[in-house]
Amino acid sequence: MNNSLILIVVSGALINNVVLNQFLGICSFLGVSKQMKASASLGCAVIFVMTIASAVASILYDLILEPFGLQFMKTIVFILVIAALVQIVEMYLKKNSPAVYKSLGIFLPLITTNCAVLGVALTNVQSEYNFIESVLAGFGTAVGFTIAIVLLASIRSRIREQDLPAPLRGAPIVLISAALMSIAFMGFSGLSF
Amino acid sequence: MMNKYVERLYNGLIKENPTLVLMLGMCPTLAVSTRAVNGIGMGLSTTAVLILSNLVISLLRKSIPDEVRLPSYIVIVASLVTVTELLMEAYVPTVYEALGIYIPLIVVNCIILGRAEAYANKNTPLLSVMDGLGMGLGFTIALTLAGLVREVLGNGTAFGLQVLPKGVEPMGIFVQPPGAFLVIALFIIIMNAIGIKTRQKQLVEGCDGCCAACASAATCTSKTEEAAK
């Protein structure tokens, strides 16, 4: 039992990395990774939101959608809940912990449009995870996102000093770096418990 | 008169091709382009949602209050996606299985909200439908092209038919996740080399590359800059 819970976290973070393997949240992965500090903050904000969103989505699905046979409404419900949730979290943080808000708050609106959050909520339902498994899957996935974006940001800080052929500058070299990272992460698929 | 409608198609297919020029909707492009057929399936389902969402939003453009327009758009798009999802599950179960979670994720495809915000809420229903059709087909073509390249290189087949000679070993990496990044990088390199201007700067230099016209573009650009300081 414990093993399978650990597996969910590890699989979310490394084996099925959300960005490098499932291509969710590519926009912020490529867009924000320009800055190391911003990447780390975004990563933390994603961990925060994705864990809460998975928990709320799981509760709603198990207690409301499923008993009433409304499973087909899940896309609409989840996207609205996530958007509202992000707003509430932002307001709460602003009022109660200005320090946290200062470092994470600015990234919260960005996360609403991050497809990874909706993706995790939907995957959890598809894999028929219970509440605890959903929360862990959300947490693991978000950790995976953070690892990927921080790594890419560090690679990009090195790339900036290189003299590249003109056609490679900008997006192509970033995508190629992401491809190499993705190859490296494929190695994790050999992990087993 | 007719020209305006044809111009919309040209605009979506070539001039502002959402994937290759505007660099929108990268997630589905990378994710489902493992096979050319998947590209067509994903492209056409997105096109259907895009045409309908443009139509509905354009019809309602005068009655939706400005302050709540984004939540309204999201609800409209999410409903249309749910309808599409159910129809696909019923009539094309194989495509539905292959695309999996990426069908509900059409909701967060930036192309759709982007077009709603940039075009449909300012223009007549008929023009908006043509805009949706043009953009949707442009997306479909780009996705199919990426799928075709990956399928030929990685599997030796095109649309399921063997094209590489039997003796040539396909490079499996191209149908694996890294291949997606490589093929898209290759496309941009080619476009750079022949001098077609893309908006890739936005893709790598701020979140507005994705949500160019969408929800939090204004907030997120200024806020990322703020964060960078």
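Welcome! Start with chain A as a whole: among its contacts with a separation of 6 or more, 79% join residues 24 or more positions apart. Keep in mind that this is a predicted model.

**Stop 1: the whole chain.** Switch to a cartoon view of chain A. How much of chain A is buried? Buried residues make up 50% of its 193 residues.

**Stop 2: two packed helices.** Select residues 36–65 of chain A, which form helix α3, and then residues 115–126, which form helix α7. Their axes lie 9 Å apart and meet at an angle of about 40°, which makes α3(A) oblique to α7(A). Look at the way they cross: α3(A) passes α7(A) in a right-handed crossing.

**Stop 3: the contact itself.** Show side chains where the two helices touch. On α3(A), pick A:Val49, A:Met50, A:Ala53, A:Ser54, A:Ala57, A:Ser58 and A:Tyr61. On α7(A), pick A:Val117, A:Val120, A:Ala121, A:Asn124 and A:Val125. Which kinds of residues make up this contact of α3(A) with α7(A): nonpolar, polar or charged? Color them by type to see nine nonpolar residues, three polar ones and no charged ones.

Methods: Residues are numbered from 1 along each chain as its sequence is written. Chains are lettered from A and ligands numbered from 1 in the order in which they are written. This is a predicted model: local features need pLDDT of at least 70, side-chain atom pairs count only at pLDDT 80 or more; totals for chains, interfaces and linings use all residues. Axes are lines fitted to C-alpha atoms, for helices over the stretch in contact, and angles run from 0 to 180 degrees between N-to-C directions. Helices (H or I, at least four residues) and strands (E, at least two) are DSSP runs, numbered from the N terminus. Angles under 35 degrees count as roughly parallel, over 145 as roughly antiparallel, 65 to 115 as roughly perpendicular and the rest as oblique. A crossing is left-handed if the near helix is turned anticlockwise from the far one by less than a right angle, and right-handed if clockwise. Two residues are in contact if their C-beta atoms, placed from the backbone, lie within 7 Å. Ala, Val, Leu, Ile, Met, Phe, Trp, Tyr, Cys and Pro count as nonpolar, Asp, Glu, Lys and Arg as charged, and the others, Gly among them, as polar. A residue is buried if 20 or more other C-beta atoms lie within 10 Å of its own, exposed if 12 or fewer, and partly exposed in between; C-beta atoms are placed from the backbone.
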